[in-house]
Amino acid sequence: MEADSESSMRGPRPLGVVIKLGTSSIVDEKSHEPLLSILTLIVETAVKLRKDGHRVIIVSSGAIGVGLRRMDVEKRPKHLSKLQALAAIGQCRLMSLWDSLFNHLRQPIAQILLTRNDIADRSRYLNAQRTINELLDMGVIPIVNENDTLAVSEIKFGDNDTLSAVTAAMVHADLLFLMTDVDCLYDKNPRTNPDAQPIEVVEDISSLVADVSTAGSSLGTGGMSTKIVAARLATSAGVTTVITKSSNPGNIVNIVKYIQSSRSPGSPSKSGSDSEEGDTPEIMSSSTSSLKKPAIPLHTRFLPSPHPVRDRYFWILHGLRPHGTLFIDTGCYKALLNKAGLLPVGVVDVEGTFHQQEAVRICVVDKKHPGQQPQEVGRCLTNYSSAEVSRIKGKHTSEIPGLLGYMDSEYVAQRESISFFSGFHGGGVSRPVTPVGSGVNLAGMVTPKRRGAGTPAQEERRLEAEDKELEDEGLVMRGKKEEGQQVRFVEEVKIVGEEGK
Ligand SMILES: Nc1ncnc2c1ncn2[C@@H]1O[C@H](COP(=O)(O)OP(=O)(O)O)[C@@H](O)[C@H]1O
Ligand SMILES: N[C@@H](CCC(=O)OP(=O)(O)O)C(=O)O
């Protein structure tokens, strides 16, 4: 999301800003009437940001909510085809509402409707990216929603929080605002807990502890938990993510100015940190720090990852639905971190049914600790199907032609088709695994159970032999292995109450 060149000559660098509005910000929860005052203020805010040179995208929920009002349906139906019909009715009214409001300020807008399939197809993903960028170049504000009418569960984002994070990452936005009906993220649901404490800066989402298990408004699909998932996705792609209240959209301008001032050259910076955020004197950057005297409106700000995962690597991780799992050993993982491709010799096991060039999870099995759950560290596109990998796993490349009768590639996955989650790039990984009850963490990572590990002694012998094989193949970083050193994993996000959801 490139800045307007003219504006960048004038002042601080303009930013790419994505504003996501939940249903609770668009229609009244009970009457389903559009919240015209909020929508008008959003329009004024977006136009103001545009005038300041920023590139603005709105991700707008509300199609179903507006459809409910249009058809005088009291309660959100459960039946999918009814919901899809209401979304079809509501979407055009929603857009006509946005268009008429923006039209008062002569601001052109455009409608973009996406499904997960559009993102999963690389050429459609790139086309969506190009079209949105073209619109932004033309000074238009794209208004994005999920194409609910077409999206069945397999191809659904399911909530617009995730869609907004994917959109923000796709266009390399600087900021994602998740506008909702609460001021910020609290340590528990403020609707039911008057003593809930605000969380203002989240420097490291992995160490966030908050109870987001309870549902939000009756119309919103996500609640707070999908906002945390979205924040995790967006910050991993380098996008600062803000949760704030939609009823005061002027906050957006203040927060943008605040963040811009903290980014501008000469502003005080935290020594030893390469993060661009959190270096202003007013805010203490700790995962749950509180502002004593807020200089800006109450909001929660998630700081971007210092190692952002972007473009094709982001797409491999979050654009594609994984079809299976490759379990690899720690020696192989080390080799991958050292920029090697994934050879069959490092594959311990395979699960699921997948074809060539489909996405699969990469899970590391620490054979020295057989009781430990394998940890998903990334994803890749495979050169071989699940049936083929089952036959060549643990074998030397030279054996592939004998085993398969052909050899499409020496690698199960090329290095450029392997992507690690932010925090799994080596070097910075330092915390032990904290298993999450459901086995599913907030980035949709799973910690699947592995079949048939041998006894500890067998595993130990196999590991040693394997390490030797890897060393023989030059895949282990020679001379870097310290006594007792082992691969350790980044802690998963602890979301109290997420278990069993
Ligand atoms: N820890 C928490 N902090 C803040 N809000 C929470 C928390 N846990 C649950 N919530 C609920 O999440 C709601 C926002 O989600 P939702 O209604 O889905 O919003 P939207 O429609 O804007 O996406 C809030 O109204 C609040 O009741
Ligand atoms: N695409 C749906 C919105 C789904 C959704 O995520 O809603 P919300 O949780 O209110 O942001 C619609 O337009 O009604």
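Two strands are taken to pair if DSSP finds at least two bridges between them. Helices (H or I, at least four residues) and strands (E, at least two) are DSSP runs, numbered from the N terminus. This is a predicted model, in which local features need pLDDT of at least 70, side-chain atom pairs count only at pLDDT 80 or more, and totals for chains, interfaces and linings use all residues. Residues are numbered from 1 along each chain as its sequence is written, and side-chain values use heavy atoms, with hydrogens and water left out.

**View 1. An open sheet of 5 strands with mixed pairing.** The strand order is S11-S10-S12-S13-S14. Strand S11 (347-352) and strand S14 (418-420) form the edges, each pairing on one side only. Neighbouring strands are turned by 25° against each other on average, direction ignored; axes are lines fitted to C-alpha atoms, for helices over the stretch in contact, and angles run from 0 to 180 degrees between N-to-C directions.

**View 2. The antiparallel pair S10 and S11.** Strand S10 (residues 324-329) is joined to S11 by 5 bridges. Phe 327 stands opposite Asp 349 in S11.

**View 3. Helix H12 (residues 330-337) on the sheet.** Helix H12 touches S10, strand S12 (359-365), S13 and S14, contact meaning heavy atoms within 4.5 Å. The direction of H12 makes about 95° with that of S10.

**View 4. Helix H4 (residues 63-70), largely enclosed by the rest of the structure.** Of its 8 residues, 6 are buried (under 20% relative accessible area, 1.4 Å probe, protein chains only). The buried residues of H4, including Ile 64 and Leu 68, pack against helix H5 (80-104) and strand S4 (141-146). Asp 72, with a positive phi near 50°, follows H4.

Key. Chains are lettered from A and ligands numbered from 1 in the order in which they are written. Buried means under 20% relative accessible area, exposed over 50%, partly exposed in between (1.4 Å probe, protein chains only).
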